[in-house]
Amino acid sequence: MSTQIKHQTDLKHLAINILDNLNTAVVLLDSQLNVLCVNSAAEMLFSISLHKIASKPIAQLLNDDELITAIQSALDTNHPFTQRERSIQLIDKKVIVDISVQPIQSEEDDKYLLIELSQLDRHLRISREENLLAQHETIQALLRSMAHEVKNPLGGIRGAAQLLERELDNPDLAEYTQVIIDEADRLKKLVNRMLGPNTRPNQIMINIHSVTERVRRLLKADKSRDVKIFFDYDPSIPEIKFDPEHLIQAVLNIVRNAAQALSEQEQDNNSESEYKKEKKIIIKTRILRQFNIGHKRHKLVAKMDIIDNGPGISEKMQERIFMPLITGRAEGTGLGLSIAQSLVSQNGGLIECHSKPGKTVFSLLLPIP
Ligand SMILES: Nc1ncnc2c1ncn2[C@@H]1O[C@H](COP(=O)(O)OP(=O)(O)OP(=O)(O)O)[C@@H](O)[C@H]1O
Ligand SMILES: [Mg+2]
């Protein structure tokens with residue numbers, strides 16, 4: 001008997017575990033359309049915890065009268081329904097989902113409604129991310145082999161120019177050999193950046209706020225810009241397994257871009273009202289539950305948003321900014337973001353970008369082991 005009970009409890013735990021590992025959001029309602037239970041994917045979709053929403057009416061999840069009426073009628077008529085690619089209005093956002101609503105009757109004649117929502121824009125995001133990473137890896141490999149080929153003869157060119165300089169009778173001509181040496185040095189620096197970091201990540205357990213605090217100190221030294229940086233932390237984020245130097249470099253590359261975009265905006269747009277607008281960068285940290293980075297599902301992910309209120313990045317540019325050598329700045333090399341993406345993906349994470357004029361967000365998604 002007792003083994004049977006244990007077996008039942010095991011099964012119950014297993015069922016809960018399975019529900020929480022589904023990619024589909026599941027919501028169970030009672031006959032009054034109050035929420036009985038939501039799984040982890042539903043907590044993510046509605047940005048609310050079961051604890052907060054339990055026993056509350058469905059209207060606190062959906063801001064969509066038409067859908068609520070359809071759900072009510074499914075309950076009344078006992079008819080299930082499915083809608084594909086339906087855009088639904090949640091409390092804080094609009095999403096596109098496949099939705100199934102299934103009335104259930106218990107043995108005691110109690111009525112329930114089971115709602116399943118599969119978010120379609122999320123699938124698009126995942127395949128876009130996979131593509132982005134694959135594309136990035138291919139280009140990176142191509143560039144590295146090219147950089148190697150360029151790097152080798154550079155040493156020879158520089159050495160020969162030095163030898164030549166020593167042999168010159170006319171010292172005025174040294175001006176020319178110096179140009180060769182300086183340009184060879186500049187090219188070597190560029191090629192080294194293109195080759196990227198050649199050390200394997202030294203992953204240790206770190207608190208992401210120790211990294212943001214180091215970035216804060218580093219930026220304090222750089223007082224030349226009238227850009228203010230604000231920090232908005234979730235102090236409960238567990239430690240991540242990451243190479244701290246890699247994370248600092250990635251964050252710095254993104255923050256520097258934001259600061260550059262903000263200071264350039266002033267030169268372009270000197271009108272009174274624009275001038276008065278405070279130039280802001282916000283570094284914000286949060287936890288995401290049951291989140292995909294590419295196709296890999298993670299129970300917990302630390303998300304660090306670097307937000308600026310600068311001019312934004314055009315849609316066409318947004319598709320390409322993580323590729324090496326893509327730049328929108330006259331003096332840019334276009335390597336900053338490509339390096340940042342490499343560093344973060346070497347550690348299992350991903351950088352995403354969303355931008356519109358006045359709000360650009362770079363999100364670092366970092367898996368929590
Ligand atoms: N926060 C931002 N706001 C507006 N544009 C941005 C922002 N971040 C990046 N960009 C655009 O993306 C481009 C690519 O950035 P990336 O850091 O890769 O190269 P870069 O800054 O041009 O050169 P480098 O970092 O190698 O010196 C930038 O030139 C800029 O046009
Ligand atoms: Mg840059």
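**Close-up views of a predicted model**

View 1. Helix 4 covers residues 65–77, 13 residues in total, and reaches 18 Å from its first C-alpha to its last, close to the 18 Å expected at 1.5 Å a residue. Keep in mind, here and in every view below, that this is a predicted model. As a reminder, an α-helix has 3.6 residues a turn, so residues three or four places apart point the same way. Which residue follows helix 4? It is Asn78, and its phi is positive, near 65°.

**View 2. The two domains.** The protein is divided into domain 1, residues 2–123, and domain 2, residues 200–368. Taken over C-alpha atoms, the centres of domain 1 and domain 2 are 35 Å apart.

View 3. Five strands make up an open sheet with mixed pairing, in the order 7-9-10-12-11. Strand 7 (228–232) and strand 11 (350–356) each have a single partner strand, so one side of each is left without a neighbour in the sheet. From one strand to the next, the twist averages 25°.

**View 4. Strand 7 beside strand 9, with helices on the sheet.** Strand 7 and strand 9 (residues 280–293) run parallel and are joined by five bridges. Look for Ile229, which stands opposite Ile281 in strand 9. Helix 7 (residues 208–220) packs on the sheet and touches strand 7, strand 9, strand 10 (296–308) and strand 12 (359–368). The direction of helix 7 makes about 165° with that of strand 7. Helix 11 packs on the sheet as well, touching strand 11 and strand 12, and its direction makes about 140° with that of strand 11.

**View 5. Strand 12 and its partners.** Strand 12 pairs with strand 10 in the antiparallel sense over nine bridges. Strand 12 also runs antiparallel to strand 11, joined by seven bridges. Strand 11 and strand 12 form a hairpin with two residues between them. In the turn, Gly358 has a positive phi of about 90°.

**View 6. The shell around ligand 1.** How many residues surround ligand 1? There are 21, and the closest are Ala261, Thr327, Gly328, Gly332 and Gly336. By class, the shell has eight nonpolar, 11 polar and two charged residues. Helix 8 (244–268) and helix 11 (336–346) each supply at least two of the shell's residues. The largest share, four residues, comes from helix 8.

Definitions and conventions: Residues are numbered from 1 along each chain as its sequence is written. Chains are lettered from A and ligands numbered from 1 in the order in which they are written. This is a predicted model: local features need pLDDT of at least 70, side-chain atom pairs count only at pLDDT 80 or more; totals for chains, interfaces and linings use all residues. A residue is near a molecule or strand if its C-beta atom, placed from the backbone, lies within 6 Å of it. Ala, Val, Leu, Ile, Met, Phe, Trp, Tyr, Cys and Pro count as nonpolar, Asp, Glu, Lys and Arg as charged, and the others, Gly among them, as polar. The expected span of a helix is 1.5 Å times one less than its number of residues. Domain bounds come from an automatic or database domain assignment. Two strands pair if DSSP finds at least two bridges between them. Axes are lines fitted to C-alpha atoms, for helices over the stretch in contact, and angles run from 0 to 180 degrees between N-to-C directions. Two residues are in contact if their C-beta atoms, placed from the backbone, lie within 7 Å.
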